[in-house]
Amino acid sequence: MWRRYISGGTSALSACLRSRSFSASASVSSTSNAVNSIILRSLKDHYSEISEMSPPPKVNPPSPYTIIKGALDQDGLVLRRTYNNTEEISLSVMRLDNLIPPGADEDETGGNDSDDSINQLLLHVEVSKEGREESLHFLCGLYPDAIGIHSVCLRPKIGKEIGEKVGPETLHEYKGRVFQELDPKVRDAFHLYIEARGINESLFPFLQAWLYVKDHRKLMKWFKTVGTFISDRIQA
């Protein structure tokens, strides 16, 4: 009798626990779906808002620079040109504020000049010559009315195979002096060097518009991919 009683009690307890477990699981699932729905609705609203934004006026790069095919859909080189039939010059760009910690550019009143967030560009210049394993690299600050060199060094060409020359001896190669520590005449000569190759503030309007379009496309893609991921979780 006791065995039947204990057995019956155990069965009832197990059924009760299963019922509570199912109820808790259903509650968690319901809450999760509700949160996902809120996120999806917000993503959809923002996606619609961003998609209706007017793109900036179309701007062509200054001649003789040409846009590298497929550059808009990947991170890397943007423009290319040849110089004197002996040099190939490649340019890549990013927003300077991507390297500045949040709040670092706030003014004395505590405000942030967000309208100028894309008026400071970081321009990477590679000057290469056929038959040379290394190329001359410039890191420049590009503004609507000026350009300034931050650094200059010789490094392996960007197009070289990964791992072809990345040993410790390469990492510790002498990169030259800090640019601002160079003699003023040398600094002026390097500015004339890049100016002769069309690397100046005339590049700014195109590269600014380029980054606007690129950021817009990346944001649209982000909204879409995150929404797809969350939707797949709901259907699973």
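**Strand pairing.** I count two strands as paired if DSSP finds at least two bridges between them. Helices (H or I, at least four residues) and strands (E, at least two) are DSSP runs, numbered from the N terminus.

**Ground rules.** I am working on a predicted model, where local features need pLDDT of at least 70, side-chain atom pairs count only at pLDDT 80 or more, and totals for chains, interfaces and linings use all residues. Residues are numbered from 1 along each chain as its sequence is written, and side-chain values use heavy atoms, with hydrogens and water left out.

**Strand β4.** I started with β3 and β4, which run antiparallel and are joined by nine bridges. V93 has L123 of β4 as its bridge partner. On to β5: β4 pairs with β5 over seven bridges, also in the antiparallel sense. There V127 stands opposite L136 of β5. The hairpin of β4 and β5 has four residues between the strands, and G131 takes a positive phi near 90° in it.

Next I checked burial. I use buried for under 20% relative accessible area, exposed for over 50%, and partly exposed for in between (1.4 Å probe, protein chains only). Eight of the nine residues of β4 are buried.

**Nonpolar core.** My rule: a core is a set of buried Ala, Val, Leu, Ile, Met, Phe, Trp, Tyr and Cys residues joined through side-chain atoms within 4.5 Å. The largest such core has 31 residues, and L123, F138, I199, L203 and L207 have the most contacts inside it. β2 (79–83), β3 (87–95), β4 (121–129), β5 (134–143), β6 (146–156) and α4 (204–235) each supply at least two of its residues. The largest share, five residues, comes from α4. A second, separate core has five residues, including L43, I50, M220 and F223.

**L203 and G198.** What does L203 touch? Taking contact as heavy atoms within 4.5 Å, and leaving aside neighbours within four places in sequence, I find P62, Y65, L79, L91, L123, L142 and G198. G198 is found in the loop between α3 (184–196) and α4. Residues up to four places away not counted, G198 touches Y65, R81 and L203.

**Cysteines.** I looked for disulfides (a pair of cysteine sulfur atoms within 2.5 Å). The count is zero. C140 is buried at 0% relative accessible area, and C153 is buried at 15%.

**Salt bridges.** I require a side-chain nitrogen of Lys or Arg within 4 Å of a carboxyl oxygen of Asp or Glu. The structure holds six.

- R197 pairs with E87, the closest N and O atoms being 2.8 Å apart. R197 lies in the loop between α3 and α4 and E87 in strand β3, so this pair ties together parts 110 residues apart in sequence. R197 is buried at 7% relative accessibility, and E87 is buried at 7%.
- D75 meets K218 (3.8 Å, N to O). D75 is in the loop between β1 (66–67) and β2, K218 is in helix α4, and the two are 143 residues apart. D75 is exposed at 63%, whereas K218 is partly exposed at 46%. D75, K214 and K218 are linked in a network of salt bridges.
- R80 meets E88 (3.6 Å, N to O). R80 is partly exposed at 29%, and E88 is partly exposed at 34%.
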